[in-house]
Amino acid sequence: MVQERHLPKNFPKKLILDSTVVIQILAKDWFLTDDCVVIIPANITEELKSFESNLVLSLLENKQNILFLIPSSSSFSKAVNLAKQAGEYGRLSSYDLTIIALAIENPEFTIISDDNAIQNLCKIFNIRVESSFFKITKKKKYFWKCTVCGAKFTKKLVHCPDCGSPLKRYFSKV
Ligand SMILES: [Zn+2]
(Lines give C-alpha, C1' and ligand atoms only; values in the text may rest on other atoms or scores of the structure.)
Protein backbone atom coordinates (compact mmCIF):
# COMPACT_ATOMS: atom_id res chain seq x y z
CA MET A 1 0.00 0.00 0.00
CA VAL A 2 1.32 3.39 -0.94
CA GLN A 3 1.37 5.91 1.85
CA GLU A 4 0.71 9.47 0.79
CA ARG A 5 3.46 11.82 1.78
CA HIS A 6 2.38 15.40 1.77
CA LEU A 7 4.51 18.39 1.04
CA PRO A 8 5.63 20.40 4.07
CA LYS A 9 2.86 22.81 5.10
CA ASN A 10 4.66 26.01 4.26
CA PHE A 11 5.94 24.75 0.96
CA PRO A 12 5.09 26.89 -2.06
CA LYS A 13 2.10 25.65 -4.05
CA LYS A 14 3.23 26.87 -7.47
CA LEU A 15 6.36 25.06 -8.51
CA ILE A 16 8.69 24.77 -11.47
CA LEU A 17 10.59 21.51 -11.13
CA ASP A 18 14.14 20.71 -12.13
CA SER A 19 14.52 17.25 -13.64
CA THR A 20 16.28 15.74 -10.62
CA VAL A 21 13.38 16.89 -8.45
CA VAL A 22 10.88 15.23 -10.79
CA ILE A 23 12.74 11.97 -10.31
CA GLN A 24 12.83 12.49 -6.53
CA ILE A 25 9.07 13.02 -6.45
CA LEU A 26 8.50 9.74 -8.24
CA ALA A 27 11.09 7.85 -6.22
CA LYS A 28 9.72 9.04 -2.90
CA ASP A 29 6.02 8.81 -3.82
CA TRP A 30 5.43 12.42 -2.91
CA PHE A 31 1.79 13.22 -3.14
CA LEU A 32 1.12 16.52 -4.86
CA THR A 33 -2.08 17.97 -3.46
CA ASP A 34 -4.66 19.28 -5.89
CA ASP A 35 -3.95 22.87 -4.88
CA CYS A 36 -0.40 22.53 -6.18
CA VAL A 37 0.30 23.67 -9.70
CA VAL A 38 3.47 22.22 -11.15
CA ILE A 39 5.32 23.35 -14.25
CA ILE A 40 7.75 20.91 -15.82
CA PRO A 41 9.78 22.07 -18.83
CA ALA A 42 8.48 20.10 -21.81
CA ASN A 43 12.04 19.47 -22.95
CA ILE A 44 12.64 17.28 -19.89
CA THR A 45 13.11 14.45 -22.37
CA GLU A 46 16.40 16.07 -23.43
CA GLU A 47 17.65 16.14 -19.87
CA LEU A 48 16.72 12.66 -18.68
CA LYS A 49 17.73 9.40 -20.30
CA SER A 50 15.04 7.97 -22.50
CA PHE A 51 13.82 5.26 -20.14
CA GLU A 52 13.52 7.67 -17.22
CA SER A 53 11.87 10.38 -19.24
CA ASN A 54 9.33 8.00 -20.73
CA LEU A 55 8.53 6.77 -17.26
CA VAL A 56 8.19 10.31 -15.93
CA LEU A 57 5.98 11.40 -18.77
CA SER A 58 3.75 8.35 -18.59
CA LEU A 59 3.25 8.81 -14.84
CA LEU A 60 2.69 12.54 -14.89
CA GLU A 61 1.11 13.49 -18.17
CA ASN A 62 -2.46 12.66 -17.16
CA LYS A 63 -2.39 14.79 -14.02
CA GLN A 64 -4.30 18.01 -14.48
CA ASN A 65 -2.22 20.08 -12.10
CA ILE A 66 1.02 19.33 -13.94
CA LEU A 67 1.77 21.50 -16.95
CA PHE A 68 4.46 20.68 -19.48
CA LEU A 69 5.51 24.05 -20.90
CA ILE A 70 8.03 25.58 -23.26
CA PRO A 71 8.88 29.27 -22.78
CA SER A 72 8.76 31.82 -25.60
CA SER A 73 12.01 32.47 -27.43
CA SER A 74 12.15 36.01 -26.03
CA SER A 75 11.95 34.67 -22.46
CA PHE A 76 14.67 32.19 -23.32
CA SER A 77 16.86 35.07 -24.60
CA LYS A 78 16.22 36.95 -21.35
CA ALA A 79 17.34 33.88 -19.41
CA VAL A 80 20.52 33.68 -21.50
CA ASN A 81 21.23 37.36 -20.78
CA LEU A 82 20.74 36.88 -17.03
CA ALA A 83 23.02 33.83 -17.12
CA LYS A 84 25.74 35.84 -18.87
CA GLN A 85 25.40 38.73 -16.40
CA ALA A 86 25.61 36.29 -13.48
CA GLY A 87 28.70 34.61 -14.93
CA GLU A 88 26.83 31.28 -14.95
CA TYR A 89 26.24 30.91 -18.68
CA GLY A 90 28.77 28.11 -19.22
CA ARG A 91 27.42 26.12 -16.28
CA LEU A 92 23.78 26.13 -17.36
CA SER A 93 22.37 23.62 -19.84
CA SER A 94 19.63 24.62 -22.26
CA TYR A 95 17.26 22.76 -19.94
CA ASP A 96 18.45 24.91 -17.02
CA LEU A 97 17.91 28.04 -19.09
CA THR A 98 14.41 26.80 -19.95
CA ILE A 99 13.65 26.60 -16.24
CA ILE A 100 14.85 30.18 -15.73
CA ALA A 101 12.82 31.36 -18.74
CA LEU A 102 9.67 29.70 -17.37
CA ALA A 103 10.25 31.45 -14.05
CA ILE A 104 10.56 34.79 -15.87
CA GLU A 105 7.19 34.12 -17.56
CA ASN A 106 5.55 32.89 -14.35
CA PRO A 107 6.96 35.06 -11.55
CA GLU A 108 4.46 33.71 -8.99
CA PHE A 109 6.04 30.27 -9.35
CA THR A 110 9.03 28.99 -7.35
CA ILE A 111 11.82 26.99 -8.96
CA ILE A 112 12.71 23.81 -7.07
CA SER A 113 16.28 22.87 -7.91
CA ASP A 114 19.43 21.63 -6.23
CA ASP A 115 21.61 22.99 -9.03
CA ASN A 116 24.12 25.54 -7.70
CA ALA A 117 24.24 27.60 -10.89
CA ILE A 118 20.44 27.87 -11.04
CA GLN A 119 20.23 28.81 -7.37
CA ASN A 120 22.98 31.40 -7.70
CA LEU A 121 21.40 33.08 -10.72
CA CYS A 122 17.99 33.14 -9.05
CA LYS A 123 19.36 34.71 -5.91
CA ILE A 124 21.15 37.43 -7.89
CA PHE A 125 18.01 38.37 -9.83
CA ASN A 126 15.42 37.74 -7.10
CA ILE A 127 13.79 34.81 -8.86
CA ARG A 128 12.00 32.53 -6.39
CA VAL A 129 13.99 29.38 -5.77
CA GLU A 130 14.10 26.61 -3.17
CA SER A 131 16.15 23.46 -2.70
CA SER A 132 14.31 20.19 -3.16
CA PHE A 133 11.73 18.99 -0.66
CA PHE A 134 14.11 16.71 1.11
CA LYS A 135 16.47 19.45 2.12
CA ILE A 136 13.85 22.01 2.92
CA THR A 137 12.50 20.30 6.03
CA LYS A 138 13.41 22.55 8.91
CA LYS A 139 16.84 21.94 10.31
CA LYS A 140 17.69 22.57 13.90
CA LYS A 141 20.64 24.80 14.44
CA TYR A 142 22.11 24.37 17.88
CA PHE A 143 23.81 26.99 19.97
CA TRP A 144 25.02 27.12 23.55
CA LYS A 145 24.26 29.93 25.93
CA CYS A 146 25.90 30.77 29.19
CA THR A 147 23.45 30.42 32.11
CA VAL A 148 24.97 33.42 33.85
CA CYS A 149 26.33 36.00 31.42
CA GLY A 150 24.21 35.02 28.42
CA ALA A 151 27.11 34.76 25.95
CA LYS A 152 26.20 32.57 22.92
CA PHE A 153 28.47 30.02 21.25
CA THR A 154 27.98 27.97 18.10
CA LYS A 155 30.28 25.18 19.33
CA LYS A 156 29.76 22.94 22.30
CA LEU A 157 31.75 24.05 25.34
CA VAL A 158 31.46 22.81 28.92
CA HIS A 159 32.09 26.13 30.59
CA CYS A 160 31.71 29.68 29.44
CA PRO A 161 35.10 31.00 28.34
CA ASP A 162 34.05 34.46 29.50
CA CYS A 163 32.86 33.77 33.05
CA GLY A 164 33.39 30.04 33.68
CA SER A 165 29.69 29.25 34.27
CA PRO A 166 27.92 26.17 32.79
CA LEU A 167 26.36 26.41 29.32
CA LYS A 168 22.93 25.22 28.24
CA ARG A 169 22.08 23.98 24.75
CA TYR A 170 19.34 25.69 22.70
CA PHE A 171 18.24 25.40 19.10
CA SER A 172 16.68 27.64 16.52
CA LYS A 173 14.91 26.49 13.35
CA VAL A 174 16.51 27.63 10.15
ZN1 LIG B 1 29.35 33.33 30.92
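**A guided reading of the predicted model**

Of the 174 residues in the protein, 39% are buried, where buried means under 20% relative accessible area, exposed means over 50%, and partly exposed covers what is in between, with a 1.4 Å probe and protein chains only. The model is predicted, so local features need pLDDT of at least 70 and side-chain atom pairs count only at pLDDT 80 or more, while totals for chains, interfaces and linings use all residues. Residues are numbered from 1 along each chain as its sequence is written, and side-chain values use heavy atoms, with hydrogens and water left out.

The protein has seven helices and ten strands. Here helices (H or I, at least four residues) and strands (E, at least two) are DSSP runs, numbered from the N terminus. The accessible surface of the protein is about 10,600 Å², and 51% of it belongs to carbon and sulfur atoms; such areas come from the Shrake-Rupley method with a 1.4 Å probe, and for residues only the protein chains shown count as cover. Contact means heavy atoms within 4.5 Å. Among contacts between residues at least 6 apart in sequence, 57% join residues at least 24 apart.

Five strands form an open sheet in the order S5-S4-S2-S6-S7, with parallel pairing. Strand S5 (66–69) and strand S7 (129–130) are at the edges with a single partner strand each, so one side of each has no neighbour in the sheet. Two strands pair if DSSP finds at least two bridges between them. S4 and S5 run parallel and are joined by four bridges. In this pairing, Pro41 stands opposite Leu69 in S5, and Val38 has Ile66 in S5 as its bridge partner. Three bridges join S2 to S4, which also run parallel, and here Leu15 stands opposite Val38 in S4. On S6, the bridge partner of Leu15 is Thr110; S2 and S6 run parallel and are joined by three bridges. S4 is mostly covered, with four of its five residues buried.

Next comes the packing. A nonpolar core is a set of buried Ala, Val, Leu, Ile, Met, Phe, Trp, Tyr and Cys residues joined through side-chain atoms within 4.5 Å. The largest such core has 37 residues, and Leu17 and Ile111 have the most contacts inside it. Two or more residues each come from strand S2 (14–17), helix H1 (19–28), strand S4 (37–41), helix H3 (50–60), helix H4 (73–86), helix H5 (94–105), strand S6 (110–112) and helix H6 (116–124). H5 gives the most to this core, with seven residues. A second, separate core has six residues, including Cys146, Phe153, Cys160 and Leu167.

Ile104 is located in helix H5. With a relative accessibility of 26%, Ile104 counts as partly exposed. Leaving aside neighbours within four places in sequence, Ile104 is in contact with Ser75, Lys78, Ala79 and Leu82. Ile104 and Ile127 are 23 residues apart in sequence, and their C-alpha atoms are 7.7 Å apart in space.

The loop between H6 and S7 contains Asn126. Most residues other than glycine have a negative phi. The phi of Asn126 is near 55 degrees, a positive value in a residue other than glycine. Asn126 is exposed, with a relative accessible area of 71%.

The last stop is the zinc ion. Its protein donors are Cys146 (SG), Cys149 (SG), Cys160 (SG) and Cys163 (SG), at 2.3 to 2.4 Å from the ion. Donors are N, O and S atoms within 2.8 Å of the metal (3.2 Å for Na, K and Ca); water is not among the atoms, so sites may look incomplete. Along the chain the donors of the zinc ion follow the spacing C-x2-C-x10-C-x2-C. The four donor atoms subtend angles of 101 to 121 degrees around the zinc ion, which makes the arrangement tetrahedral; four donors count as tetrahedral if all angles lie between 85 and 135 degrees. Cys146 is buried, at a relative accessible area of 3%, whereas Cys149 is partly exposed, at 43%. Cys146 and Cys160 are donors of the zinc ion and also belong to the second core.

Methods. Four donors count as tetrahedral if all angles lie between 85 and 135 degrees; four count as square planar and six as octahedral if opposite donors are over 155 degrees apart and all others between 65 and 115; anything else is irregular.
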